[in-house]
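Subject: Structure for you to look at

Hi,

Here is the structure I said I would pass on. Have a look at it first, and then read on for what turned up.

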Amino acid sequence: MLESTAHSLTAPIRRSLLQTYPRGHVTLEAAIIEAGPPGVTDLEVHADRLRLRAPTGVTEIPFDISGLTTTQGDYDFVPDAADQAMLMVAADRQSEVLAVLRPHYWLVLGVEEAGVSPLLFGTREVRQLLGEILEKPGLAAFHRHVAGIAQALDEGRRPSTTELLESLHDICHGLRDSGTEPELRSTLEATLAIRGVRPVLAIRRAARAMILHRLGLDDAASLRETLMQPRNLPRLTRSHGITAETLKELDRGRMLDLVDELREFEFLDLFLIHRTARPGTIGEVLSRHGLPASTVTTPDSLRETITMARSISPISSYLFAHERKRRALADPDATQPVRRGRPAGFFPGLGSRAAYQDLGRGLFDSGIPEVTEIYETGARALGFDDPARILLEPANLPTGRMARQGFIGAAFVVHNLALEAQLRALAHDHGVPLGFVAYTGESFGIIAAAIAAGSLSVGDGIKIAQAFTPLVLVAAEGADDEPFAQQMTAYLPQAEPLVPEPFHVMGLQGDPDRLTDVLREIQETWSADDVEVHKLYSARQANVYVRGGAKTKFEEFVAEFPAVQAVELKDPTTFLAHSARMRGVRAALDRFISAQGIVFRKPRVPVVSNSTAGLLTTAAEVHDAVLATIDEVMASQATAETLDALRPDLIIELGLGHKSVRLLKDNNLETPVLAFTGDGQETKEFFDALQLVDHVLAELTELTAGDHLSDRHHDLLRDLFRVVAANQFAQPYLASTMERVITQEMLNSERRDIEAVGRFLEIFQHTSAHRDSIDVASGELVLQARLKKRIVGPAEQLGQVYAELTVLDATGCISSRSLLAGKQPEVVVVHFDRPADLDPVDLARRTRLLLDTQPLARQIYAQVPEVTPEATGGEDLELALLVHQFTLFHVLHRHRPAMFAQTDYYLEGSDPMGWLVALAASGATTLARIVRVYRALLRGETGMALDDLLASLQNAVVPVLSPEGIPVQNVKDLEAASHVTIH
């Protein structure tokens with residue numbers, strides 16, 4: 001079945017299903033294979049259906065999500081107000097409403113909420129209805145039912161939905177029995193009717209600026225008109241302090257910044273629901289069909305958001321929580337604006353404890369209130385009055401072995417939490433925004449992650465940390481007479497020691513495919529009593545426990561796989577965490593948690609699991625992840641990939657030893673990684689880099705049309721590169737951040753056309769590329785870099801490639817210098833072909849982006865109106881890909897002219913599609929002609945297609961590489977190469 005599934009789903013989607021529906025992914029995949037189309041590239045999981053996108057189009061198949069839900073209770077789902085919103089959508093025109101949202105949002109449709117009406121969430125309408133009842137003397141018998149509800153609404157409180165519904169039902173029955181007030185009774189019956197209302201979770205998939213651009217609402221006049229509407233301005237004043245006077249002074253850029261600060265439900269309400277005259281909005285759909293705006297209801301405040309989310313059914317809560325998590329893993333969107341100060345925290349495991357010796361009292365004596373509180377709370381959890389007793393100092397270590405191991409675990413967590421608190425406090429003092437997007441930990445480090453995320457209190461977490469290692473060791477070795485060991489036995493089942501002899505901890509390292517073969521062979525031929533996989537470290541390494549008596553035989557076994565080697569990682573041990581043999585210890589730890597009254601809460605920010613992979617957003621999930629450190633395989637590679645998928649600014653190891661940094665780097669993450677140890681110099685370098693990059697981005701944002709770069713901008717770039725030269729952390733952080741900034745600026749058509757922005761980014765890129773060839777310390781910048789080839793001069797220099805740099809020094813003098821560019825290519829080859837793994841959804845998204853942002857692209861597509869830009873399959877898809885490649889080349893040529901003007905370049909096509917695109921791009925024929933020729937080829941009309949092509953050929957402006965690799969330009973050579981390639 002797994003092989004079939006691989007053909008039905010793309011790898012990221014299948015992986016996200018596995019990670020977020022670990023107990024239900026098989027059922028989901030089976031439903032898709034049985035009833036879905038082949039080649040599924042995207043899907044939406046809804047309460048009663050799966051919506052599948054494939055090359056053949058969109059298909060919906062019935063699927064009951066309730067079969068996957070947990071029996072352990074509600075997930076207490078609350079949408080992230082920053083980029084997700086929950087709506088209540090009535091059945092009237094529901095499909096059209098969702099069609100409006102779908103280009104901009106991923107949607108999750110919940111269970112039909114019987115008896116719920118959108119009116120009940122619009123407090124103003126409800127208050128008017130109750131007022132009408134209270135004003136009628138003939139309804140005095142019912143006033144007591146509604147007076148309290150009306151008062152709650154007047155005071156800004158949310159009344160009980162159940163109480164409100166019951167009261168309105170009672171009034172409705174009373175009016176029906178008495179035959180009075182027929183109009184009011186009709187209104188009540190309409191309000192209480194079952195209208196097929198469903199909760200919908202909308203997860204934004206595009207930048208708000210892009211959504212507004214598509215709707216034609218991103219100009220200054222439209223923005224100001226929307227924000228200043230009488231129904232919108234009071235809301236903005238209340239939630240964001242924005243007044244009419246403020247709005248009048250804001251330019252378009254500032255208004256777009258304000259729009260980015262809105263919560264998602266506010267953005268939806270202001271721009272998509274209540275814009276009734278703008279095509280492409282929900283408001284226009286509702287207006288066209290004469291439906292009230294309450295057909296789609298959003299909350300009016302964050303409090304209403306929480307109330308609405310908690311009122312939905314457990315099935316919808318389960319579904320929304322899982323789909324939010326799955327989308328975060330499967331579909332990080334490159335169009336999202338660059339947001340700074342969003343790190344992920346990574347706490348080290350006990351494997352780093354050797355680095356926690358001779359720490360001193362610097363952190364303890366820092367005077368930071370948050371740090372002091374952690375030490376005091378940790379000490380109280382262990383029964384100490386003096387917080388200094390929790391310091392990892394020799395005098396504080398208990399004499400008993402188990403008590404000592406428990407103390408080390410507790411003090412280890414306290415120190416790392418204090419480091420995290422110190423980092424946040426110092427960030428505040430430096431004026432650097434720092435809001436962690438997630439926390440995780442390596443093995444034992446997940447306890448600290450749970451505390452930092454708010455799922456455990458410091459005191460409760462320290463108790464778990466103290467018990468963790470002793471429980472495992474007592475179960476492994478048996479208990480002696482030590483009092484602390486005896487305390488642990490109370491939670492453990494009566495049994496023989498689980499680890500009768502020490503185990504070697506070995507790393508299997510090598511080629512990923514061969515490593516997979518070895519792991520499969522271990523599972524099939526070795527007993528878990530002798531060899532057990534406990535950590536999937538990376539694609540190239542897995543760690544195993546090997547019983548001492550089996551080590552020699554195991555090394556002989558590994559020697560049969562030359563591409564894999566076994567490396568001993570530490571001394572033999574009986575401490576076997578992440579081992580299935582410790583399942584009884586997991587239950588013992590759970591008993592300890594219950595006996596101590598330890599409570600897990602919903603985390604403030606997600607915790608990334610280190611056992612199954614995925615984001616943990618509920619109390620139950622975090623609880624399970626802490627227990628999983630006992631007996632489940634550690635999925636370090638999946639943890640690293642999940643962190644990278646969250647697209648944080650950086651990942652910070654919050655502890656000593658740098659082992660977590662090494663783990664993350666061994667997994668080849670794109671996100672910069674560093675360790676925060678509290679060292680004064682490292683801390684200074686860290687904040688220097690963050691502050692300077694923030695300053696650069698702020699200056700870049702301020703540049704507008706008509707501006708010119710000044711000495712201030714040059715000095716800022718000089719400071720930036722000086723910091724990079726002296727600061728190991730700054731370089732990867734700067735490269736990662738600026739790459740996203742440059743991408744964002746180039747995608748924004750208005751920003752891209754600002755000359756000063758382009759010059760600033762060019763100087764940054766040229767200086768970054770050649771910083772080893774100039775004197776960065778003295779303030780030199782590279783204004784321009786050109787790659788040239790010598791065609792005259794001494795014979796030994798002919799054909800030599802060199803870089804010609806235009807350099808600005810600190811005094812403002814400009815000079816030219818040349819340097820050999822042996823590492824630079826002598827010629828650039830632009831290659832075209834038909835990709836084997838063509839994804840129609842991805843192609844359609846990229847094409848929409850081109851057409852939305854590039855006028856040149858729109859001009860090119862206008863030449864071939866018969867080509868469908870968003871084709872889903874068949875001949876149309878092939879032609880869409882051909883035109884897409886041709887368009888990309890010309891857009892690149894337009895925006896990177898220096899790359900083509902200063903460098904020899906050739907075009908190459910390795911298959912019929914690629915060859916035709918290369919011919920058209922070279923100027924040897926036209927786009928319209930190659931579209932016609934390729935259509936004929938697809939229909940099997942090879943002879944006709946070739947004749948049509950040859951009749952149109954002329955000399956190429958740009959050389960095209962023939963199948964033999966020879967650059968050709970004249971018609972005769974192009975005809976010969978076309979015969980070979982087409983046939």
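This is a predicted model: local features need pLDDT of at least 70, side-chain atom pairs count only at pLDDT 80 or more; totals for chains, interfaces and linings use all residues.

E266 sits in helix α14, which covers residues 264–273. Is E266 buried or exposed? Its relative accessibility is 3%, and since anything under 20% is called buried, E266 counts as buried.

Now for the whole protein. You'll find 41 helices and 24 strands in it. Of its 983 residues, 53% are buried. If you take the contacts between residues at least 6 apart in sequence, 70% of them join residues at least 24 apart.

Two helix pairs are worth a visit. Start with α25 (residues 583–595) and α26 (residues 619–631), whose axes come within 8 Å and cross at roughly 140°. That crossing is right-handed. On the α25 side the contact is made by R583, V585, R586, L589, D590 and I593, and these meet H623, D624, L627, A628, I630 and D631 of α26. By type, the residues of this contact split into 6 nonpolar, 1 polar and 5 charged.

The second pair is α36 (residues 874–895) with α39 (residues 927–938). Here the axes come within 10 Å and cross at roughly 150°, and the crossing of α36 and α39 is right-handed. From α36, the residues E875, E878, L879, L882, V883 and F886 meet L927, I930, V931, Y934, R935 and L938 of α39. This contact of α36 with α39 has 9 nonpolar residues, no polar ones and 3 charged.

Helix α39 turns up again around α41, a helix of 12 residues (971–982). From first C-alpha to last, α41 reaches 16 Å, close to the 16 Å expected at 1.5 Å a residue. Which residues of α41 are buried? They are L974, A977, S978, T981 and I982. As for what the buried residues of α41 pack against, the list is α38 (912–922), α39, α40 (942–952), β23 (960–961) and β24 (967–968).

Happy browsing!

Terms used:
Residues are numbered from 1 along each chain as its sequence is written. Side-chain values use heavy atoms; hydrogens and water are left out. Axes are lines fitted to C-alpha atoms, for helices over the stretch in contact, and angles run from 0 to 180 degrees between N-to-C directions. Helices (H or I, at least four residues) and strands (E, at least two) are DSSP runs, numbered from the N terminus. A crossing is left-handed if the near helix is turned anticlockwise from the far one by less than a right angle, and right-handed if clockwise. Contact means heavy atoms within 4.5 Å. Ala, Val, Leu, Ile, Met, Phe, Trp, Tyr, Cys and Pro count as nonpolar, Asp, Glu, Lys and Arg as charged, and the others, Gly among them, as polar. The expected span of a helix is 1.5 Å times one less than its number of residues. Buried means under 20% relative accessible area, exposed over 50%, partly exposed in between (1.4 Å probe, protein chains only).
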